[in-house]
Amino acid sequence: MENQLNNNFTFNEEESVDLKQEIKRYLRYWPWFVLALAVTLVSAYSYLRYAPRIFETYSKIKILDESEGLELPTSAFIFKRTNINLENEIEIITSYLIMERVVRELNLNTSFYEEGTIQTSQIEELPLNFEQIIQPDSIVSHLSYKLTIEDNGFEVTNLKTEKTFNFKEHSTYNSNHNLPFNVELNKSISLGEVNNKVFIIKFSPIKSTALGLKRKIKVESIGELSDLLRLSIKGESKELSEEILNTLMAIFNNDGIYDRKLVYQRTVDFIDARFVFLARELDSIEIDQETFKQKNNIVDIATDAEIGLEQRVQSEEELFKLQNQLTLSQLLENTLQTNTESDLLPANIGLENAGINALISEYNLAVINRDRLKNSAGANNPSVKLAENQIDDLKANINRSLRTYTNQLDTSLRQLKDRNQKFAGRVSQIPGQERLFKAIQRQQKIKESLYLLLLQKREEAAINLAITEPSIKVVEKALSGTEPISPKPNIVYAGAILGGLLIPFGILYLMFMLDTKLHAKEDITKVASNIPVIGEIPDLKKKKDIIFTDPNDRSALAESFRILSSNVDYILPIKNGEKGKVIYCTSTIKGEGKTYVSLNLSLALSSINKKVLLIGADLRNPQIHTHIDVDKQKSGLSNYLHDIDYNWKDSLINGFEKHPNHHIILSGSIPPNPAHLLTNGRFKKLIEEAKEEYDYIVVDTAPTILVTDTMLISQLADATIYLARANYTEKNLLKFSKELSESGKIKNMAYVINSVGASKSYGYGYNYGYNYGYGAKT
């Protein structure tokens, strides 16, 4: 029988979560979700209505390769990779030096805002004639001024000191003031267009503005195989953002052009200085030539012998070439030693030594790199010190190379002179005067060729200086999107809906997670699946008319206890030869409703024409008398247990007129030793005698966790109804009742849940209306 009841009155233990039950559990609080959604959607609408619109402005540039001449194919060329280091270029573009120039160019440390009813938005410029008096470098702290346009003039308030200035006729030029600006009404704009408008004028230090701009501008490469850079900035004013990016590109381009022009200008200056010395030397040689001809009366010199002349001409050409190189080397060496004002050296002046030319080019690049680092990082920066050390090393290498090259030229020159002496001996016919004259002509030719060479190099440098190539190519000028990137309505509304659902869900989840109360039979079956739940008593939300006084009552109260009385019959064991069945009603703690259930259960059994006796066995805290309006001290069970001459039938009370078969024995006077009285054998005798006269004996016992009274008499029960109250009983107390059943301390136990529906968190709604087709309720 018990196994059958376990199948009928308990839920099978499931490992998986009942999704439908969980959904109902949360849907019970649907007004919370509706309210949260309404609040979040209204908040999202308000945010979208008044939040500033942020636009993204971007531009694209291509970094041009500044290398010159032909180069051998490299791996980068083969795989279509650029030799430009984009990371270095990005650092230069976003350097503080460049940003400071942009700030100064656009006067970004002065910003304007228009104050609205709710929000204040940035604007590119004031719709007034504005003149800044204070110099940008004089701004050492943040200054803010509020400009209000009124009917009769301006009102300017220093937001820091809250000092107010009033100007009539809409102009500050007519008054003496210490404001850092002047402003007057623009004649092209009527007063009605700007009347009652409020503007904010802010001044910031150059450094903080440049650093702020550095954080706002983002520069990134388009792709791994590309030498294009994408510049972007976000802001409220599209016009201002576009102007910032265009100015940044122009300044960066001019910075690279300036570096290359500096090298060309240094070359031109060097050659111009050498022209003065060469002109003097040429003049001296021509005078010597004239003097020689006059002294020796030379008008025309016979040509040398054919073979001798050919040999001498070839030897002189080699000698000329060597002397030319020697002179250039000496000039460059003197320049390197004497030129202290400029660190740059002339490049490509005709020296036929590739190693020295390469060292000079590397030296010039190192000087430019040092100057750039010094301007951006300062003279004491470790990178600047490292660059200066590199320059010193290159300068020393150039000196050593020039000395080595000069020594080689001297040796070759001596060899050629020795060979020329041999050739001179062969041409003994040529007079000594001719030889001296040729020497003078040779010196003149050397100086003239050197002069022409330097003149050619000067023209090349001057042309490069005039038509210096740009550093970048602007692929796309600054463009702003037509739609703002922030706020995005779809994302904001989606977030509002998600938040409107998650906030109440999270609150409910925490409530459920922290809720340790019992709510429904599932909470019991999870802990004690082998103990049946035979009844669920609804919470009627009222304090009156909670007793089953009318046997014909069809209320939810009456029907629930009729169901309970029917289910009790299923758990009672069938024993031949015995009439009355003993039913205990107990609970774990006080307040779970055992007296209320035991009283109504006894009345429900009485309503089906059964003789029922209700015994108040909770001798410590009796409560039955409160429902039948009888004195608490009326003789009852304690009197019978204490007095062996007392007849329990003298304590019978018929508390309900419509239940003639229902009798009650109250607890009687509260004794000092209830446990001793219940175990003296008198209570067992009472039960045995009552079984002979009543069909059911319902015993209201004491809570099990507080006292041991119930366990002392538990073996006398045929069935024990264990009360648990929804939204009141702690779940961990169920383990205690389960242990009582499994250990046999409580006999044939079954659970009854009281006040079901007191919490709707589990989605249970009960309706015990049975009036369908049965006529009107009496």
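Two strands count as paired if DSSP finds at least two bridges between them. Strands (E, at least two residues) and helices (H or I, at least four) are DSSP runs numbered from the N terminus. By these criteria, strand S5 (residues 143-149) and strand S6 (residues 153-158) run antiparallel and are joined by 5 bridges. The model is predicted: local features need pLDDT of at least 70, side-chain atom pairs count only at pLDDT 80 or more, and totals for chains, interfaces and linings use all residues. Residues are numbered from 1 along each chain as its sequence is written, and side-chain values use heavy atoms, with hydrogens and water left out.

**Sheet**
- Six strands, in the order S3-S2-S9-S5-S6-S7, form an open sheet with antiparallel pairing.
- Strand S3 (120-123) and strand S7 (164-168) each have a single partner strand, so one side of each edge strand lacks a neighbour in the sheet.

**Ser-59**
- Ser-59 lies in strand S1 (residues 55-63).
- Its relative accessibility is 0%, so Ser-59 counts as buried (buried means under 20% relative accessible area, exposed over 50%, partly exposed in between, with a 1.4 Å probe and protein chains only).
- Beyond residues up to four places away in sequence, Ser-59 has contacts (heavy atoms within 4.5 Å) that include Leu-229, Arg-230, Met-249 and Glu-476.

**Nonpolar cores**
- A nonpolar core is a set of buried Ala, Val, Leu, Ile, Met, Phe, Trp, Tyr and Cys residues joined through side-chain atoms within 4.5 Å.
- The largest such core has 35 residues, of which Leu-564, Ile-664 and Ile-721 touch the most other members.
- Elements that each supply at least two residues of this core include helix H16 (556-571), helix H17 (594-606) and strand S19 (749-756).
- Helix H17 gives the most to this core, with 7 residues.
- Another core, of 34 residues, lies apart from it and has Val-263, Ile-349, Ile-356 and Leu-394 among its members.

**Salt bridges**
- The structure holds 21 salt bridges (a side-chain nitrogen of Lys or Arg within 4 Å of a carboxyl oxygen of Asp or Glu).
- Lys-521 and Glu-536 form one of them, with the closest N and O atoms 3.4 Å apart.
- This pair links distant parts of the chain, 15 residues apart: Lys-521 in helix H15 (residues 521-527) and Glu-536 in strand S13.
- Lys-521 is buried at 17% relative accessibility, and Glu-536 is buried at 14%.
- Asp-618 and Lys-594 meet in a salt bridge of 3.1 Å, N to O, and both residues are buried.
- Glu-100, Arg-104 and Asp-137 are linked in a salt-bridge network.
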